[in-house]
Amino acid sequence: MTTPAIDVDGISYAYDGTLAVDHIDFEVAVGETLGFLGPNGAGKSTTIKMLTGQLIPETGSIRILGMPMPDQATDIKAHIGVAFEEKNLYNVMTARENLEFFARLFGVDADIDDLLRRVDLIDR
């Protein structure tokens, strides 16, 4: 059996007593694509924040690539990417500056030249 890319078991989170995520479970296999759809207030952003280590679940557990989140958040962040609906880039910065800024902000040791090559922003 292969380790899932994402393994969520019974996570919950509440904001000031208002339940935003209620004991959800799901798995995402390596190579599978996941999209969250639903109305405002359904818990999509809260779930993503828990998956990326920005929030800690009040119940349950999360494993990303077999590593527990948030215990190994730094290692996990080096392997994940999230594309939000709204852009989170600074227009006054170049692509390189944005990548360097967010890598520093989230403590990720990233090879910026390699990332830029992947999207053809610098010569291979």
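This is a predicted model: local features need pLDDT of at least 70, side-chain atom pairs count only at pLDDT 80 or more; totals for chains, interfaces and linings use all residues.

Leaving aside residues up to four places away in sequence, L51 touches I6, V8, F26, F36, I62, I64, M69 and I80. R63 is 12 residues from L51 along the chain, and the C-alpha atoms of L51 and R63 are 8.5 Å apart.

Now the aromatic rings. A pair of them is described by the distance of the centres and the angle of the planes. With ring centres required to lie within 6.5 Å, the count is five aromatic pairs. Y13 and Y15 form an edge-to-face pair, because their planes stand at 70 degrees, with the centres 5.0 Å apart, and over 60 degrees counts as edge-to-face. Y13 is buried at a relative accessible area of 15%, whereas Y15 is partly exposed at 37%.

Y90 and F101 also pair edge-to-face, at 5.7 Å between centres and 85 degrees between planes. This pair links distant parts of the chain: Y90 sits in the loop between α2 (73-77) and α3 (95-105), while F101 belongs to helix α3, 11 residues apart. Y90 is partly exposed, with a relative accessibility of 42%, and F101 is partly exposed too, at 25%. Y90 and F101 form one aromatic cluster together with F102.

Note on methods: Residues are numbered from 1 along each chain as its sequence is written. Side-chain values use heavy atoms; hydrogens and water are left out. Rings of Phe, Tyr and Trp (its six-membered ring) pair if their centres lie within 6.5 Å; planes under 30 degrees apart count as stacked, over 60 as edge-to-face and the rest as tilted. Buried means under 20% relative accessible area, exposed over 50%, partly exposed in between (1.4 Å probe, protein chains only). Helices (H or I, at least four residues) and strands (E, at least two) are DSSP runs, numbered from the N terminus. Contact means heavy atoms within 4.5 Å.
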